[in-house]
Amino acid sequence: MSSNVASPGAVGMSSSRLARIAPVMESYVAERGVVGISTMISRRGEIVHAEQFGFQDEEAGTPMAPDTIFRIYSMTKPIVSTALMLLHEEGAFQLEQPVAQFLPAFGATKVLADDGSLVDQARPMQIRDVLSHTSGLTYDFMADTAVAQMYRDARIMNDATRPLDVLIDELATLPLAFQPGSRWHYSVGIDVAARLIEVLAGQSVGDFLRERLFDPLGMDDTGFGVPDAELGRVSAMYGLPDLVGENYSAIQLMEAAFSGFNERIDVSATYPTSTPDVFQRGGLGLFSTAADYMRFAQMLANAGTLDGERIVGRKTLELMHANHLPPELLPYELLGLPVLGMGFGLGSRVMLDVAQTAGPGSVGEYGWAGAAKTYYWVDPAEELVGLFMSQYMTGMLLPERDFRSLVYQAIDD
C-alpha cells in the first residue's frame, strides 16, 4: 500500500466530487469550533484523498500535519480485539469459554440486581461477551447504572498509574451491572480483552501489539506513549471536559455541551505520553497517526493482508465482523440512544440495514470511533476505507457523519 495519493479516477472515484470535502471540513474549523481535522480515504488499496484542515495546536499556530499524532481513545478497541483474535487463530481459546478460566478473579464477580442485592452470574461471562459488550461490565462515565458510580469511586478509568493487571483485578471485585449476555452495554470489556492477551501470550499487551501488528504493518508512530523527540507532533486537545476525568459522567458532559463549553483541555493525567510501560489498556490508550491507522484499516479491508504479508486470516475477520447480537438485543443503545441499522461484532459495530442508519453505506460495513472525534470505517463491498481524525472531545457536532456522506457521493463507478 503506497502512502502517495493515487488518481481517483483509476479506482472509481471522482476528483471533482472529492473536492467537496475540503469546504465542509474547513467550515467546521472556521465556524463550528473544531480546531483541526485530518481526513483520508482509500479505495481498492489506493489512497485517493489525504488532507488536513486547521491546527494541531491553535495557540502555537501549528497547523494540522500529515504526521500529527492523535490520542485515538476507543479506536484502540478494534486493534486490541484483532490482536486477541490472533491468539484465537493459534488455538489459545474459544469465544464461548468463561473469562474466569483465564482470569480467575471473575469467577467470584457478582451482579447488582435491580433491588440492590448482589446475585451470582446466571451464566459465566464469556470471552465473546467482553468483545461484543454483552459482558455486564459498564463504564465510569455512564449514568444509567449504580455500578458506574462504583467505577468512579474506584477510579477504574482515570488512574493511569495502575498497570493493567492491577486494574483488571480490582475491576473483578466490583459487581456487574447486568447479567452476562442479557443486554448490550458499552464497557471496559476490551480492557479485559487486553489482559486476556497478556495472560494467554505471556507478555504485555504493548509488546504483543508491537510484535504482531505494529511492526509487521509498519505502524511506526503507534503505541501507548510518545517518545520525547516526537512530542511536538502530538495534537492539543479541545472541546468538552475530559470524558474520563475523575468522578465525571455523561451528565456533566451534556451540561457542558449545552452551556457552549469549548476549550483547550489538558488530558495528560488520564492519557499520558510518558509512561507506555504502565499505561497500557484495551479500550483506549493508543496514540497513532492518520497514515498509521490507515495501514491497519487497509489490512482489514484487504481481508487480512498488507503489502503481501498476511497478518490475520480472512475467515477470522469474517467472524469478527459478523453480527454477534441476537435479535432481542437490537437495536443496541449507546448513551441511551438507539443505534439503528447496526449490529455488533467482536470489537466493532457492523451495518445490517443501510436505510435504518439514515446514511449511505453497505451491508457488512464496519468500524468504530473514539471519544475525541476520531472515526474509521471499512466497506468491503466498495473496497473503501474512510478515516477522520481530530482532537475534539466528544460534543454535539457530527463532522464524521458529513465526511461519510461526502466520501460515498464521490464514488463514480
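Which residues form one aromatic cluster? The legends below describe close-up views of a predicted model.

**View A. The aromatic cluster and its Y332–F344 pair.** Y139, F141, W184, Y186, Y332, F344 and W368 together make up one aromatic cluster. The model contains 17 aromatic pairs. In the pair formed by Y332 and F344, the ring centres are 5.8 Å apart and the planes lie at 85°, so the arrangement is edge-to-face. Y332 belongs to the loop between α11 (314-320) and β12 (333-334), whereas F344 belongs to strand β14 (residues 342-344); the pair thus links distant parts of the chain, 12 residues apart. Y332 and F344 are both buried.

**View B. The edge-to-face pair of Y271 and F287.** Among the 17 aromatic pairs, the rings of Y271 and F287 have centres separated by 5.2 Å and planes at 85°, which makes the pair edge-to-face. Y271 is located in the loop between β8 (263-265) and β9 (287-288) and F287 in strand β9, so the contact ties together parts 16 residues apart in sequence. Y271 counts as buried, at 0% relative accessibility, and F287 likewise counts as buried at 0%.

**View C. Charged ends over aromatic rings.** The charged end of R32 sits over the ring of Y28, 3.6 Å from its centre. The charged end of R404 is placed over the ring of W377, 4.9 Å from its centre.

**View D. A nonpolar surface patch.** M254, F258 and M396 form this patch, and their accessible area together is about 350 Å². F258 lies in helix α9 (residues 250-258) and is exposed, with a relative accessible area of 66%.

**View E. The mostly covered helix α3.** Of the 13 residues in α3, 13 are buried. The end C-alpha atoms of helix α3 (residues 76-88) are 19 Å apart, which agrees with the 18 Å that its 13 residues should span at 1.5 Å a residue.

Note on methods: Residues are numbered from 1 along each chain as its sequence is written. This is a predicted model: local features need pLDDT of at least 70, side-chain atom pairs count only at pLDDT 80 or more; totals for chains, interfaces and linings use all residues. Side-chain values use heavy atoms; hydrogens and water are left out. Patches are made of residues with over 30% relative accessible area and no salt bridge: like charges are joined within 9 Å, nonpolar side chains (Val, Leu, Ile, Met, Phe, Trp, Tyr) within 5 Å. Accessible areas come from the Shrake-Rupley method with a 1.4 Å probe; for residues, only the protein chains shown count as cover. A salt bridge is a side-chain nitrogen of Lys or Arg within 4 Å of a carboxyl oxygen of Asp or Glu. Helices (H or I, at least four residues) and strands (E, at least two) are DSSP runs, numbered from the N terminus. Buried means under 20% relative accessible area, exposed over 50%, partly exposed in between (1.4 Å probe, protein chains only). The expected span of a helix is 1.5 Å times one less than its number of residues. Rings of Phe, Tyr and Trp (its six-membered ring) pair if their centres lie within 6.5 Å; planes under 30 degrees apart count as stacked, over 60 as edge-to-face and the rest as tilted. A charge sits over a ring if NZ of Lys or CZ of Arg is within 6 Å of the ring centre and within 35 degrees of the ring normal.
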